[in-house]
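Keep the 3D view open as you read.

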Amino acid sequence: MGFFTDTSVCIGCKACEVACKEWNDVPDVIGELTGESYDNTSSLGANTWRHVAFIEQRIPTEVPDADGDVRWLMSSDVCKHCTEAPCLDVCPTGALFRTEFGTVVVQEDVCNGCGYCIPACPFGVLDRREDDGRAWKCTLCYDRLKGGMEPACAQACPTDSIQFGPLDELREKANGRLEMLHEAGVEEARLYGANEEEYGMGAFFLLLDEPEVYGLPPDPEVVTRKLGRLWGAAALAAGALAAGVAAAFIGGGR
Amino acid sequence: MSEERNGRRTDSYYGRPVIKEPVWTWEIPWYFFTGGLAGASAPLALAADLSGNQRLARSARLAALGGAMVSPVLLISDLGRPERFLNMLRVVKPTSPMSIGTWVLSSFGLSSGIAATSDVFGVFPRARTLFEGAAALLGLPLATYTAVLFADTSVPVWHEARKELPLVFASGAAASAGACAAVFTPVGEAAPARRLAVGGVLAEIGAAELMKRRLGRLLAEPYEKEEAGRYSKLATTLSGAGAAVLGLAGGKNRAAAVAGGAMILAGALCERWSVYKAGFQSARDPRYTVEHQRERRRRKGL
């Protein structure tokens with residue numbers, strides 16, 4: 001199960017952010033307007049599990065000396081619930097696990113605050129909460145799924161920008177929507193994370209500009225896939241260390 | 001280079017980072033130093049013991065034990081919830097370098113503790129060689145696994161340095177172990193320690209240089225600027241000068257050995273700080289994530 005977020009119909013109402021905070025009892029942070037846009041949460045973090053980005057863009061016009069039009073790109077970002085999740089692999093306590101719904105969840109009573117999952121995530125999703133020292137992120141409303149309900153953000157979304165369901169069904173819907181937009185002349189529309197062979201995401205997006213404009217990495221990578229090669233390089237270095245120590249005794253042990 | 005469009009940087013959302021900065025604190029580079037020192041001291045102790053140099057073996061054994069005792073304190077202090085340290089020992093997780101490292105450090109502590117106790121109190125003399133051997137074997141991964149720990153993240157300057165980082169850490173560990181033993185051993189019995197220290201410094205400087213070259217212009221940048229750059233320069237200066245003093249005068253004069261050894265130890269510590277800080281700097285600036293990945297996409301023809 002996962003999310004398809006169609007940013008072309010997002011109206012920036014932030015109902016998803018609020019519904020997420022309410023349902024999951026996430027501490028609220030109020031009064032931090034950035035001054036750059038209507039965004040007051042800035043990024044995903046320990047206390048923001050859905051983040052609505054507001055991107056103000058000026059579109060040049062044909063009219064000389066005119067400022068051009070403004071277009072707003074709005075997009076609700078969330079944990080990608082990667083099908084091969086680096087955070088889950090590096091967690092040394094087993095606090096992060098894959099649920100029966102295929103999603104990735106942190107067990108808050110097991111997390112010991114080591115913080116390894118934080119730089120492992122290629123999307124900057126996980127973060128440590130200052131006051132309790134634990135790592136937090138979207139659970140894809142694990143408790144609601146268990147009760148047969150959809151996640152709070154998807155239910156609260158008034159335009160169906162956030163859709164929830166089985167991933168293959170969502171991908172089909174996403175491809176249909178992409179085709180529709182392309183036919184309507186919105187050439188810049190593209191899917192991000194829908195191609196499982198590139199980088200498997202349990203939450204993928206329809207975007208209207210490059211991913212980096214939304215603060216998403218253009219080419220995310222499952223770094224943990226190279227673990228064997230990483231240990232190989234360490235084994236070579238360990239061998240060199242042993243040889244170096246032995247070599248230091250050539251010419252006498254004193 | 002980051003492009004400008006409509007007067008706005010296009011490489012990220014309002015210039016915000018794409019990945020999160022690690023939350024690790026000062027204990028981590030110190031642990032990388034103490035863990036490396038302990039890890040390389042154990043094989044040095046074994047080699048000295050086998051060659052019949054008991055003075056040198058004792059210095060190295062105590063350095064291994066000292067490092068093994070300080071390291072867990074540093075690690076537990078860095079945890080966001082230190083009272084839950086025991087959760088680390090809940091599982092053995094081969095996909096997590098931190099889990100493997102915890103087990104390596106614990107078993108290393110046990111082995112080096114028994115070896116040093118046996119030496120100091122003259123008990124279980126027969127078991128000593130066995131545990132000394134175990135500590136020497138475990139010391140090798142202890143000195144290098146931390147490079148895997150860093151490289152197994154999405155921080156570009158750590159992940160892309162995955163081939164060279166273990167060499168930087170292993171040679172820094174060799175330099176530290178040699179320098180520490182040279183400080184605490186009479187000069188007449190410290191020749192192998194001096195050779196290890198000087199050789200380690202040369203390898204460390206060489207490996208760090210190789211790492212920066214292989215990273216390329218963009219990703220080598222964080223290692224050369226701001227705090228990471230200052231630590232890197234300080235590391236080269238201290239280690240280089242220390243190796244010169246220890247190598248040239250350390251064989252005749254104990255004071256020179258102490259001064260040279262101390263400089264090499266400080267240099268190895270600075271090198272760890274440089275690598276640590278470079279990771280933070282590269283995570284903070286979205287350029288290093290986005291430009292590097294754009295380039296990768298271009299190479300893939302996407």
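In this predicted model, 80 residues of chain A are in contact with 75 residues of chain B. The area buried between chain A and chain B comes to about 6300 Å², and carbon and sulfur atoms give 57% of that area. Polar links are found here too: 30 residue pairs are in polar contact across the interface of chain A and chain B, with both residues at pLDDT 80 or more.

Which elements of chain A give two or more residues to the side that touches chain B? They are strand E2 (50-59), helix H2 (86-90), helix H3 (117-120), strand E6 (127-128) and helix H7 (227-247) of chain A. H7(A) gives the largest share, with twelve residues. Sorted by class, this side of chain A holds 42 nonpolar, 20 polar and 18 charged residues.

**Salt bridges between and within the chains**

Side chains of opposite charge can pair when their charged atoms come close. Across the interface of chain A and chain B there are five salt bridges, while the count over all chains comes to 33.

| Residue | Partner | N to O distance |
|---|---|---|
| Glu221(A) | Arg296(B) | 3.1 Å |
| Arg294(B) | Glu212(A) | 2.7 Å |
| Asp6(A) | Arg177(A) | 2.9 Å |
| Arg284(B) | Glu226(B) | 4.0 Å |

Start with Glu221(A) and Arg296(B), whose side chains meet in a salt bridge. Both belong to a network of salt bridges that links Asp219(A), Glu221(A), Lys226(A), Arg296(B) and Lys300(B).

Next comes the salt bridge between Arg294(B) and Glu212(A). This pair also crosses between chains: Arg294(B) sits in helix H10 (residues 286-300) of chain B, and Glu212(A) sits in the loop between strand E10 (203-207) and H7 of chain A. Are these two residues buried or exposed? Arg294(B) has 13% relative accessibility and counts as buried, and Glu212(A) is buried as well, with a relative accessible area of 2%.

The salt bridge between Asp6(A) and Arg177(A) stays inside chain A. Asp6(A) lies in strand E1 and Arg177(A) in helix H6 (residues 167-183) of chain A, so the pair ties together parts that are 171 residues apart in sequence. Asp6(A) is buried, with a relative accessible area of 3%.

Chain B has a pair of its own in Arg284(B) and Glu226(B). Here Arg284(B) is in helix H9 (residues 254-284) of chain B and Glu226(B) is in helix H8 (residues 226-249) of chain B. The pair links distant parts of the chain, 58 residues apart. Arg284(B) is partly exposed, at 38% relative accessible area, and Glu226(B) is partly exposed too, at 43%.

**Inside chain A**

Now step back and look at chain A as a whole. It has seven helices and ten strands, and its C-alpha atoms fill a box of roughly 85 × 50 × 40 Å, taken along the principal axes. Of its 254 residues, 59% are buried. Among contacts in chain A between residues at least 6 apart in sequence, 60% join residues at least 24 apart.

A last stop is Thr41(A), in the loop between H1 and E2 of chain A. Thr41(A) counts as buried at 16% relative accessibility. Which residue does the side chain of Thr41(A) meet in a polar contact? The partner is the side chain of Glu17(A), at 3.2 Å. Leaving aside residues up to four places away in sequence, Thr41(A) touches Lys14(A), Glu17(A), Thr48(A) and His51(A).

Definitions and conventions: Residues numbered from 1 in each chain as written. Chains lettered and ligands numbered in written order. Predicted model: local features only at pLDDT ≥ 70, side-chain atom pairs only at ≥ 80, totals over all residues. Heavy atoms only, no water. Contact = heavy atoms within 4.5 Å. Buried area = accessible area lost by both parts, 1.4 Å probe. Polar contact = N/O pair within 3.5 Å; in protein donor to acceptor, adjacent residues only side chain to side chain. Helix = DSSP H or I, 4+ residues; strand = E, 2+ residues; numbered from the N terminus. Nonpolar A, V, L, I, M, F, W, Y, C, P; charged D, E, K, R; others polar. Buried < 20%, exposed > 50% of the residue type's maximum accessible area, 1.4 Å probe, protein only.
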